[in-house]
Amino acid sequence: MVIFSTFLLVLVQPLLFFPKAPLLCFSVTQLVKLNDRRTRMTKRNDAVMSNPLDLFTEEIIDAILDHLNDEPFSKKSFSLCCKSFYFIESRHRKSLTPLRSELLHRVLHRYPYISHLDLTLCPRVSDATLGSIAATWRETLRSINLSRSKGFGGIGMRALAAGCSGLVEIDVSNGTELTDAAAKAIAEARNLEKLWMGRCKFVSDIGIGCIAVGCKKLKALSLRWCLRVTDLGVGLVAVKCKQLRSLDLSYLPITEKCLPPILQLQYLEDLVLEGCLGIDDVGLVNLVHSCSSLKMLNLSKCQNVSHVGLSSLTHGAENLEQLILSYGPSVTTDLGKCLLNYSRLKSIRLDGCLVTCSGTKAIGSWRASLRELSLSKCTGVTDECLSFLVQAHRQLLKLDITCCRKITSAAIDCITKSCTVLTSLRMESCSLVSKDAFLLIGQRCQFLEELDVTDNEIDDEGIMSISRCSKLCSLKLGVCLNITDEGLIHVGSGCRKLKELDLYRSLGVTDVGIAKIAQGCPDLEMINIAYNNKITDYSLISLSECLRLRILELRACPSVSTVGLSAIARACRQLAVLDIKKCFNINDNGMLALGQFCHNLRQINLSYCSVTDVGLLSLANINRLQNMTILHLTGLSPNGLAAALLACGGLTKVKLHTSLKPLLPKYIFEYMEGRGCVFHWRDKAFQVEIDPKGWQLHVGRSPEG
């Protein structure tokens, strides 16, 4: 108690004298109140002054709690400090994410002012539970997320919609069990502004019509993959919900008949028509209305729309800023010309399209100055057309040329010379680009925050050059067979803001390079060092210094053992995703360490490890564990597996080998599935090789070397 109080005093003391401190800012009135309180406190007797926590006003305590919003365990420790802190914390909390639905009832009355409720970790939520939520937070609840929950229907939704008058946002995406009755219940939420209903496959025009009539204040609506909703339902929404700003109609069986009322929406800014195959040029050319407020249009995978339909649909949309045409029409001169005069256009995505040189030259002639251009997996992209594009749009911030296999170093030279303010460059599998070209990236594009050079010829000299990019946060070097520790040493010293590093199958990397990364990049959150037989426990011990590590990919690192994993578990308490498949030397002791320290772990793959019943059962201590893959654990018995499945109460997805299915009691499956867990069965044969595709042979090494 004394230690914690002293810590808080040290934290808050500067705030009492320096109102412009970075953590908090106080007005003059607040400072006067604080000073008066301090004066009164000095006059109290020694008995009262024995508790230094009395120094804090509620404003200071609230500010401290705000500072701990991203640290749930710290908030819990704070609330357990004393009764007054427990009381204040319970009334300060405005958002809640229960780990399991059965835990929700315990906190209903502890937190009376919840406004944002996230139930994505609760696979089963009953109507009765929703009724209790509505009764408890009737006056305060403003948003609820049920996108990963099942088990509720119209009764529960009616209780929420009718009981919580302040409800403005509901997410029932993936509600594959919801029907028109549930949609009708949602319609009673008269103040609703945002509604997400993706994949509600049993909701039809009838239910959507009820929502359109009842929820006239809607500003954002997603009906993605609602396959029973047609032109009729969409048309009703457009006619009744005049305040709509965002509308997602992806993969709906609609035609151009519903578009006229949509284009008349006065405030519409985002329109998503991805995969709407019923919309074609024939229908679009007859459109009369235009939408001048439109800022984002997504026509990806609309294979029946060419430049003709696009020209008609975008007519009059002078505020258009973002256009997505991925896997759609060919990029021709006509397509480029139809967008010639949209001066506010900042972003265009053409992923997977056939690109012609004349089309790219037409894009280069636009009045707009693009900030984002994506040509990922486009066929036809050459040095000539890409060079013309980047010279015309020199203010590009983001460029994606993934799998543009025809471009060479000449294109990279032009990109780096023209677009010196790039913050993101993705160029995976540009196999004709020579290693010398990567020197230019570091020399000319020093504002980069994201760089993906996966499966390229980059070497240590290129990495050394890229290390000049001091703002780099994400660096992907997977399958880069020419890089070694020498390059990583420079990354560790130059890229101190690095949060994400991918070294998948980069076989020249050893413990030395990983140690330098861990030493120089303390904010690292994700690292992938899968399929590297040179990585040992020394790398993991080094990475244990990265306290913010959340994702660790160690698949097929045979020299890693329980010693290294235990070091990670003890230090990296934020670890959420762990893949240790084919790490044969990790055993029960590693699982015991995870169970004791890694309470934020949500996903683990421990296939082929040396884990037995004891180790698997120890994972039951992790309340947040949701996803587990268990294949070919030779030390695992059916009884041990059954006990672990029952003990891990938060599981929502489990992958098992089909051979285990007849060995487990049927009641296990019934109980787990009733709790919301989904089983995925795999029939893969046992694999002992570590290098199944022979990646090591590319550099003249044997798999055993």
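In which helix is S101 found? S101 is found in helix α7, which spans residues 101-107. Helices here are DSSP runs of H or I with at least four residues, strands are runs of E with at least two, and both are numbered from the N terminus. S101 counts as buried, at 16% relative accessibility; buried means under 20% relative accessible area, exposed over 50%, and partly exposed in between, with a 1.4 Å probe and protein chains only. Leaving aside residues up to four places away in sequence, S101 touches C122, R124 and V125, where contact means heavy atoms within 4.5 Å.

The model is predicted, so local features need pLDDT of at least 70 and side-chain atom pairs count only at pLDDT 80 or more, while totals for chains, interfaces and linings use all residues. Residues are numbered from 1 along each chain as its sequence is written, and side-chain values use heavy atoms, with hydrogens and water left out.

**Aromatic rings**

A pair of aromatic rings is described by the distance of the centres and the angle of the planes. Rings of Phe, Tyr and Trp (its six-membered ring) pair if their centres lie within 6.5 Å; planes under 30 degrees apart count as stacked, over 60 as edge-to-face and the rest as tilted. The count by this rule is five aromatic pairs. Two of them are listed below.

| Pair | Centre to centre | Angle between planes | Type |
|---|---|---|---|
| Y504 and Y531 | 5.7 Å | 85 degrees | edge-to-face |
| F669 and F679 | 5.3 Å | 85 degrees | edge-to-face |

Y504 lies in the loop between β17 (500-502) and α23 (511-520), and Y531 in the loop between β18 (526-528) and α24 (537-543), so their pair ties together parts that are 27 residues apart in sequence. Y504 is partly exposed at 28% relative accessible area, whereas Y531 is buried at 12%. R505 also lies over the face of Y531, at 3.9 Å from the ring centre. A charge sits over a ring if NZ of Lys or CZ of Arg is within 6 Å of the ring centre and within 35 degrees of the ring normal. The charged end of K582 likewise sits over the ring of Y608, 5.2 Å from its centre.

In the second pair, F669 belongs to helix α29 (residues 666-674) and F679 to strand β24 (residues 678-682), so the pair ties together parts that are ten residues apart in sequence. Both F669 and F679 are buried. Ring pairs link these two residues and W681 into a cluster.

**Helix packing**

Helix α22 (residues 485-494) packs with α23 at an angle of about 5 degrees, with the axes 8 Å apart. Axes are lines fitted to C-alpha atoms, for helices over the stretch in contact, and angles run from 0 to 180 degrees between N-to-C directions. This makes α22 roughly parallel to α23; angles under 35 degrees count as roughly parallel, over 145 as roughly antiparallel, 65 to 115 as roughly perpendicular and the rest as oblique. Among the residues making the contact are L488 and V491 of α22 and I514 and I517 of α23.

**Positive phi**

A556 has a phi near 60 degrees, a positive value in a residue other than glycine. A556 is found in the loop between β19 (551-553) and α25 (562-571) and is buried, with a relative accessible area of 0%.
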